Amino acid sequence: MLNVHNLRDYSTDKNRCVDDVAYGGGGGMVFSPQPLVTAIRAIRKPGGHVVLLSPSGVKLTHKKAEELSRFNQLVLICGRYEGVDQRVIDSEVDEEISIGDFVLTGGEIPAMILIETVSRFIPGVVGNQDSAKNDSFVNGLLEYPHYTRPAVFEGAKVPDVLLSGDHKEIVNWRREEALKKTMRNRPELLTRHCEDARHCERSEAISSQRLLRRPFGSPRNDVVATLPRNDDNRHSERSEESKDV
Ligand SMILES: C[S@@+](CC[C@H](N)C(=O)[O-])C[C@H]1O[C@@H](n2cnc3c(N)ncnc32)[C@H](O)[C@@H]1O
């Protein structure tokens, strides 16, 4: 169930005001502590989890969304203006979550994005749970390409393997394509995927290591990229992980 609360309903100010100027100057308004603290304490249930949507939070990922889906209640605070008085964050907020490295005007769209991705982990929300198993990020890689009828469109053919009926070959082809796409668009995911032994089956480890060793040419634009060696990446990987904790 989704409930939307108007912060002004919790303000004790005679004009139902919810913001004030920032101490220290600098322009921009800040959410006052009283309405937010009163609202959170009234809304939060035992076992509930309070999230402030904020560009300075930890990044929303597939893994984070799965973790959030396990709470029996999520209280999402949508910021505005310059943000929220720090004392609210210190006393009431369990974590701050960002939807990406950019700044929006308000937390409403980030909250909707969070709700959408967390809901997908609730049984019954995704029609075909099987199709979601291969979605991007589920296994640490981006998803392989999809094709539907017709078999030839404007001269472009569906890859033969998908018409072959050989399910083992189809699985292998899809895995290889997922690795290539990840290499092309998100090489840091591939590095992490290979480092994570739990996800690295033998054949995948070989393919991944092969991609990691040689420069990879994109057939579409001929851009050639070489992945950083695993140890070059280690510093940024670690700092990202520690932010997730
Ligand atoms: C203009 S922003 C405030 C930006 C803040 N002064 C800063 O630099 O971090 C107003 C509100 O929009 C929401 N918001 C903006 N960008 C966001 C992002 N990338 N992820 C999550 N929430 C965001 C937050 O709730 C934030 O309090």
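Helices here are DSSP runs of H or I with at least four residues, strands are runs of E with at least two, and both are numbered from the N terminus. Keep that in mind for helix 4, residues 108–119, where Ile 113 sits.

A word on the source. This is a predicted model, with residues numbered from 1 along each chain as its sequence is written. Local features need pLDDT of at least 70, side-chain atom pairs count only at pLDDT 80 or more, totals for chains, interfaces and linings use all residues, and side-chain values use heavy atoms, with hydrogens and water left out.

Start with Ile 113. Its relative accessibility is 37%, so Ile 113 counts as partly exposed. The classes are these: buried is under 20% relative accessible area, exposed is over 50%, and partly exposed is in between, with a 1.4 Å probe and protein chains only. Ile 113 belongs to a nonpolar surface patch with Phe 102, Leu 104, Ile 109 and Met 112. Together they have about 470 Å² of accessible area. That area comes from the Shrake-Rupley method with a 1.4 Å probe, and for residues only the protein chains shown count as cover. Patch members have over 30% relative accessible area and no salt bridge; nonpolar side chains (Val, Leu, Ile, Met, Phe, Trp, Tyr) are joined within 5 Å, like charges within 9 Å.

Helix 4 comes back in the second largest pocket. Its space is about 1200 Å³. The closest residues to its centre, out of 37 in the lining, are Leu 2, Asn 3, His 5, Leu 74 and Leu 76. Which of them gives the largest share? Helix 4, with seven residues. By class, the lining has 25 nonpolar, eight polar and four charged residues. Nonpolar means Ala, Val, Leu, Ile, Met, Phe, Trp, Tyr, Cys and Pro; charged means Asp, Glu, Lys and Arg; the others, Gly among them, are polar.

How is a pocket found? On a 1 Å grid over the protein atoms alone, a pocket is an open set of points with protein on both sides within 12 Å along at least five of seven lines, and lining residues have an atom within 4 Å of a point. Points are joined across faces, edges and corners, and the volume is the space filled by probe spheres set on them.

Now salt bridges. The rule is a side-chain nitrogen of Lys or Arg within 4 Å of a carboxyl oxygen of Asp or Glu. The count comes to 13. One of them pairs Glu 92 with Arg 41, closest N and O atoms 2.6 Å apart. Glu 92 is in helix 3 (residues 86–92) and Arg 41 in helix 1, so the pair ties together parts 51 residues apart in sequence. Glu 92 is buried, at 8%. Arg 41 is exposed, at 56%.

Next, Glu 67 and Lys 63, at 3.7 Å, N to O. Both lie in helix 2 (residues 62–68), four residues apart, so about one helical turn separates them. Glu 67 is partly exposed at 29%; Lys 63 is exposed at 55%.

Then Arg 186 with Glu 188, at 2.7 Å between the closest N and O atoms. Arg 186 is partly exposed, at 32%, and Glu 188 is partly exposed too, at 25%. As for shared partners, salt bridges join Lys 63, Lys 64, Glu 67 and Glu 95 into one network.

Last, Pro 159. It is in the loop between strand 7 (156–157) and helix 6 (160–163). At 19% relative accessibility, Pro 159 counts as buried. Its C-alpha atom is 9.7 Å from that of Trp 173, 14 residues apart along the chain.

Definitions and conventions. On a 1 Å grid over the protein atoms alone, a cavity is a set of points where a 1.4 Å probe fits but cannot get out, and a pocket is an open set with protein on both sides within 12 Å along at least five of seven lines; lining residues have an atom within 4 Å of a point.
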